[in-house]
Amino acid sequence: MNDTIPGNLHVANDVLADMVGNAALECYGVVGMAAPSAADGIAKILPASRLRRGVVVTTTDAGVHVALYVVIEYGTNINTVSQNLVDQVTFVLKEYARVPLDGVEVHVQGVKVRK
């Protein structure tokens, strides 16, 4: 029973940003999301209700481009955590949202000791 319904599905960039923010917080080594512009060089961790601010989703001709702004846990390997973030976000966007992906950028805004 596989009926195809004709039409188009459009997913808003804000919905994709919410999906990406939640996926990012599930990754080991991520303390939280940060705002893209750190005022005075200090990255503040955003509350769970504002995860969308730590994710910038843009639409290009090739697909969706995602920029993540995160705070990493002190003592973790930044390269490994960043690669896990890219893998997790790629999986979520391709499997759940089924959108073409242009790329994922990870911007580490700070390092913090988890309490």
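View 1. E73 lies in strand β3, where helices (H or I, at least four residues) and strands (E, at least two) are DSSP runs numbered from the N terminus. E73 counts as buried because its relative accessible area is 18%; buried means under 20% relative accessible area, exposed means over 50%, and partly exposed lies in between, with a 1.4 Å probe and protein chains only. The model is predicted, so local features need pLDDT of at least 70 and side-chain atom pairs count only at pLDDT 80 or more, while totals for chains, interfaces and linings use all residues. Residues are numbered from 1 along each chain as its sequence is written, and side-chain values use heavy atoms, with hydrogens and water left out.

**View 2. Y74 and its contacts.** Y74 sits in the loop between β3 and α2, and with 62% relative accessibility Y74 counts as exposed. If neighbours within four places in sequence are left aside, Y74 is in contact with V111, K112 and V113. The C-alpha atoms of Y74 and G29 are separated by 8.1 Å, although these two residues are 45 residues apart along the chain.

View 3. Y74, I78, V108, V111 and V113 make a nonpolar surface patch of about 470 Å². Patches are made of residues with over 30% relative accessible area and no salt bridge, in which like charges are joined within 9 Å and nonpolar side chains (Val, Leu, Ile, Met, Phe, Trp, Tyr) within 5 Å; accessible areas come from the Shrake-Rupley method with a 1.4 Å probe, and for residues only the protein chains shown count as cover. One of the patch residues, V111, is found in strand β4, and V111 is partly exposed, with a relative accessible area of 47%.

**View 4. Q109 in strand β4.** Q109 lies in strand β4, which covers residues 101–112, and at 23% relative accessibility Q109 counts as partly exposed. Which distance separates Q109 and P36 in space, C-alpha to C-alpha? The C-alpha atoms of Q109 and P36 are 8.1 Å apart, while the two residues are 73 residues apart in sequence.

**View 5. Salt bridges at R52.** The structure holds two salt bridges, a salt bridge being a side-chain nitrogen of Lys or Arg within 4 Å of a carboxyl oxygen of Asp or Glu. D14 forms a salt bridge with R52, and the closest N and O atoms of this pair are 3.7 Å apart. Because D14 lies in helix α1 and R52 in the loop between β1 and β2, the pair ties together parts that are 38 residues apart in sequence. The side chains of D18 and R52 also meet in a salt bridge, at 2.6 Å from N to O. D18 lies in helix α1 as well, so its pairing with R52 ties together parts that are 34 residues apart in sequence. In this way D14, D18 and R52 are linked in a network of salt bridges. D14 is partly exposed at 42% relative accessibility, R52 is partly exposed with a relative accessible area of 36%, and D18 is partly exposed with a relative accessible area of 28%.

**View 6. Helix α1 and its buried side.** In α1, the residues L16, A17, V20, G21, A23 and A24 are buried. These residues cover an arc of only 165 degrees around the axis, which puts them on the same side of α1; the arc is that of the directions from the helix axis to the C-beta atoms. The buried residues of α1 pack against β1 (30–33), β2 (55–59), β3 (64–73) and α2 (78–97). Helix α1 has 13 residues (13–25), which at 1.5 Å a residue should span 18 Å, and its end C-alpha atoms are 18 Å apart, which agrees; the expected span is 1.5 Å times one less than the number of residues.

**View 7. R98 in a loop.** R98 is found in the loop between α2 and β4, and R98 is exposed, with a relative accessible area of 65%. Phi of R98 is near 55 degrees, a positive value in a residue other than glycine. Most residues other than glycine have a negative phi.

Key
Contact means heavy atoms within 4.5 Å.
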